[in-house]
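Me: Please take a close look at one chain here. Walk me through it in short, connected steps.

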Amino acid sequence: MSESTVRKSSAGQPAAVQPLLELRDLDTDIALRRGTVHALDGVSLEVMPGETLGVVGESGSGKTMTALSIMGLLPPGGRVSGGQILFEGRDLRSLPADEVRRTRGVRMGMVFQDPLTSLNPTMRIGVQVAEPLRVHERVGRAEARDRAIEILRRVGMPRPERIVDNYPHELSGGMRQRVAIAMALVCSPRLLIADEPTTALDVTTQRQILELIDDLREEFGMAVILVTHDLGVIAGRADRVAVMYAGRVVETAATEQLFRSPRHRYTEALLEALPESAIRESGAHARLYSIPGLPPDLSRPLTGCRFAPRCRHVTDECRTTDVTLSTGEHQHACLHPVPAAPAAPVTLPAPVRVEPAPEPAATTAKAGQPAATPVLSVRELVKNYAAHGGGLLRRTAGQVSAVAGVSFEVGPGETFGLVGESGCGKSTVGRLAVGLERPTAGQIMLDGVDIASLTGRERRRMHRQVQLMFQDSYAAMNPRMRVDAILAEPLEIQKVGDGTARRARIATLLDQVGLSRRVLERYPHEFSGGQLQRIGLARSLALQPRLIVGDEPVSALDVSIQAQVLNLMRDLQRELGLAYVFISHDLSVVDYMADRIGVMYLGKLVEVGPARDVVRAARHPYTQALIDAVPSITPNATAARDGVTIRGELPSAVNPPTGCRFRTRCPLAQEICETEPPLAGDGHQVACHFPLRPESSEASARAGAAA
Amino acid sequence: MVRYLITRLGQALIVVVLVTVIAFLILHLLPGGAARATLGKEATLEQLAAFNHDMGYDRPWIQQYGMYVQRLLHGDLGYSYQLNQSVVEAISQRLPKTMVLSLLSTLLAIVLAIPLGVIQAVRRNRWPDYAITSLSLLAYATPIFFMGLMMIILFSQVWPILPPEAPQGFTVAEVLADPAGLILPTVTLAIVTIAVYSRYVRSAMVDNLNENYVRTARSKGLSERRVVLRHTLRNGLFPVITLLGMYLPALFSGALVVESLFNFPGMGQLFWQAALKRDFPILLGVTVIISIATVVGALVADLLYAAVDPRVRLRGSTS
């Protein structure tokens with residue numbers, strides 16, 4: 001078998017090689033107390049040897065259930081109720097259980113989403129990695145250990161001979177995911193299934209892991225099924241893509257083909273809902289296309305196209321006819337597909353990085369308005385937490401430097417984006433700004449008033465001006481309170497108006513966030529993620545704040561729902577003149593939302609400037625690395641980038657590096673970096689001794705004009 | 001590790017001192033007093049006053065407590081006039097026998113409860129789970145004196161195969177020489193413990209079987225047996241460690257009801273009789289012993305945790 005043969009789908013002829021894995025009409029049911037969910041309905045897929053198949057879809061689309069069905073790892077109550085799983089020509093459903101288990105253990109490997117919980121906490125790394133060898137190949141203890149070290153080395157683990165004796169909690173998330181990959185590969189499988197392998201990781205780590213999987217695929221000559229919700233991840237890595245919706249495959253094609261010319265109306269809508277598309281299509285901060293409504297309930301019988309209720313191009317026929325996948329290389333299940341693009345090779349849109357930054361946008365001008373007092377002004381903000389080390393005596397062993405001298409301003413009606421990876425202190429800045437925590441040092445001014453100078457009561461009144469919006473709104477609401485009580489609570493606490501006035505205010509809030517009055521009598525658990533974010537936003541708006549600090553407000557949402565919430569936030573900003581501090585790890589979302597962006601690394605602001613300048617012409621090496629690591633839906637854009645790649649792990653904030661905190665990972669670092677670089681520049685500031693490029697004349701001119 | 005131990009022992013000492021203070025105060029504030037209890041109803045006021053003076057009971061309580069602690073540090077827990085022996089002697093006669101009974105029943109409980117809990121978790125919401133759950137609840141809800149009586153009636157009256165009374169031997173060797181007599185008290189004590197432990201094991205195993213790492217283990221193509229025994233069991237046994245730590249004081253205090261029921265001359269019986277007779281030195285002595293056992297039990301549980309769970313770091317040194 002020539003394992004590394006990749007089917008050239010654009011060639012238009014079927015490959016001579018047999019598929020490694022073929023799903024035929026797979027049905028999977030999950031029996032729950034309240035009924036049976038038909039999680040998969042007639043899923044057919046093929047994976048050729050050596051190929052990467054991307055399976056993409058939103059939550060509930062069945063992408064993970066497909067992976068779990070193949071691996072025989074369905075949750076309690078789940079079972080494959082129909083169809084075939086042909087692996088190397090044999091149907092796994094008709095083989096004896098022992099045989100199937102062996103096949104899954106040796107010939108297939110799986111990597112799961114959450115590396116923090118996917119490893120046994122009380123077993124040494126080496127034992128876990130080598131376990132399949134011990135069980136399936138009856139390898140002795142010493143040899144198993146050697147082979148564990150060997151495979152750990154091949155997944156890029158530093159000092160594998162020491163790591164084998166460690167426990168999972170001693171490793172970072174990225175390192176644990178490498179261990180999980182090593183474990184899946186230890187028996188040299190033919191097929192690796194990676195279910196959201198990088199969703200829980202930071203972008204720079206994500207890039208390292210995805211590249212590792214790519215390299216290993218070639219090295220081992222294996223096929224990969226990459227399951228993800230992230231279209232950018234798929235675009236950069238997969239040979240072919242299958243798009244799933246509501247338990248069915250709705251479209252499948254070669255990656256380039258699919259992203260260049262999607263045929264199914266759902267795929268089309270999904271791509272349009274990405275902030276990246278909005279920025280590229282119109283250059284300016286256009287409104288996102290958002291798919292209305294929610295995916296269907298799979299425990300009910302469904303007829304017709306499952307996307308019909310949310311589709312722009314729906315006809316009566318769609319609701320009644322069961323559409324099956326068309327045949328050929330580019331298959332889709334749509335009665336009114338997007339017209340096919342011309343067959344001639346189309347020049348791909350240039351990768352985002354290369355795009356010029358021509359936009360003298362109104363937004364940036366607004367940001368520089370000289371007269372207006374900033375809504376929020378933060379100066380030399382410092383927050384240290386005590387790190388405890390002394391057992392139960394709790395002696396302070398040192399300090400975690402969470403925020404170390406951060407200064408920025410947010411003007412009225414402006415959106416200030418704060419990006420950075422986990423642990424950089426961006427959320428702490430948000431919590432300090434809304435007064436949930438007190439800074440160790442530094443000044444926070446709201447509307448020009450230093451809040452440290454205020455006493456308790458005035459302070460509380462002042463804090464009406466600033467409200468927080470959470471990532472997980474469900475966790476941020478009392479599950480035993482109805483929505484009316486949740487929305488009334490801020491008004492009651494601040495003693496605003498009487499009962500009638502409050503009810504009127506709540507009605508207005510619901511109108512503003514686009515929810516019907518009926519939600520008032522319901523409890524938080526009855527809502528979907530997008531609705532909860534709307535309720536959360538309504539609560540933040542209750543006291544008519546001037547600034548909302550959103551801490552990852554859309555990170556838990558699917559793309560189509562994310563677009564709804566982002567649009568809503570924009571609309572409200574325009575109507576109410578709100579300012580936002582938009583905190584996110586997702587650079588493309590921040591790029592879409594923000595007028596100005598601040599990039600944080602290990603408690604420091606390393607770069608601040610107008611959004612387009614920061615993203616298109618980054619000056620700090622860290623910012624550039626972050627931008628390069630963001631997956632893009634432009635196929636192969638990620639691969640084409642040759643910018644700054646950072647290696648290694650985030651240093652501890654207990655003893656952060658002196659001088660420039662990024663210098664330990666920076667490719668440009670020199671001796672001078674041991675002294676701290678100041679945040680310098682006019683409009684587009686950077687804290688770096690060796691900025692990648694000088695400040696664009698536009699940016700400084702804009703700042704000059706503003707001053 | 002060493003520093004951790006020193007810290008914990010320091011805390012333990014504080015707890016023990018507080019317990020003695022509280023026990024001392026409560027016992028001395030009780031009406032009646034030791035003199036009346038010791039000398040009987042016929043004693044004259046002069047005799048009572050003389051007794052109190054001899055014992056130092058007429059001095060301020062703080063001074064009495066000081067004297068008590070001083071003796072305590074010399075290993076002198078006082079003298080019981082009612083038993084006509086020193087407290088240390090009274091306890092050292094009974095403690096080993098109580099420990100025999102408690103240890104046997106605890107061992108029996110662990111050996112049975114862990115497999116039962118595991119079976120319940122693996123077969124959860126199917127008939128083995130329901131059956132064991134029902135029996136556990138029944139055992140847990142039955143008062144222990146009733147359970148003991150039923151045992152006696154069943155196994156020494158209706159079907160006379162076992163003696164209704166625990167061994168009456170004076171030393172541990174004599175007690176062990178009569179194993180048949182130990183069976184009923186041991187089993188009676190164990191039944192309730194099994195019910196409690198198996199519930200804990202079941203719920204911990206159910207939680208762990210739903211963890212992601214178990215799914216990872218299954219993805220390696222391991223047999224279900226290996227998944228349960230090699231991956232899940234160890235993590236599922238953590239709650240049992242806490243229970244064992246909490247059980248240590250019971251090892252010393254003895255089981256009051258069971259010892260009385262089977263007439264077993266152990267710590268439980270000693271304490272009960274001392275309470276009835278207001279035998280203050282015995283009551284105080286037993287309380288101090290149990291408080292030490294409680295504190296040590298918590299410490300042992302923490303150390304065991306650190307031994308089995310690598311995530312638990314006993315900070316306090318450079319280890």
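Reply: Two residues are in contact if their C-beta atoms, placed from the backbone, lie within 7 Å. This is a predicted model: local features need pLDDT of at least 70, side-chain atom pairs count only at pLDDT 80 or more, and totals for chains, interfaces and linings use all residues. Residues are numbered from 1 along each chain as its sequence is written, while chains are lettered from A and ligands numbered from 1 in the order in which they are written.

The part to look at is chain B. Its C-alpha atoms fill a box of roughly 85 × 65 × 35 Å along the principal axes. Chain B holds 15 helices and two strands. Helices (H or I, at least four residues) and strands (E, at least two) are DSSP runs, numbered from the N terminus. Of the 319 residues of chain B, 35% count as buried. Buried means that 20 or more other C-beta atoms lie within 10 Å of the residue's own; exposed means 12 or fewer, and partly exposed is in between, with C-beta atoms placed from the backbone. Among contacts in chain B with a separation of 6 or more, 70% join residues 24 or more positions apart.

Now zoom in on helix α7(B), residues 144-158. The expected span of a helix is 1.5 Å times one less than its number of residues. The 15 residues of α7(B) should therefore span 21 Å, and the end C-alpha atoms, 20 Å apart, agree with that. Met147(B), Gly148(B), Met151(B) and Ile152(B) are the buried residues of α7(B). They lie on the same side of the helix because they cover an arc of only 135 degrees around the axis. That arc is taken from the directions from the helix axis to the C-beta atoms. These buried residues pack against α9 (179-209) and α13 (256-261) of chain B. On the other side of α7(B), the exposed residues are Phe146(B), Met150(B), Ile153(B), Gln157(B) and Val158(B).

Next, the partner. The contact between the chains takes 27 residues from chain A and 25 residues from chain B. On the chain B side, α1 (2-29), α10 (212-219) and α11 (224-236) each supply at least two residues.
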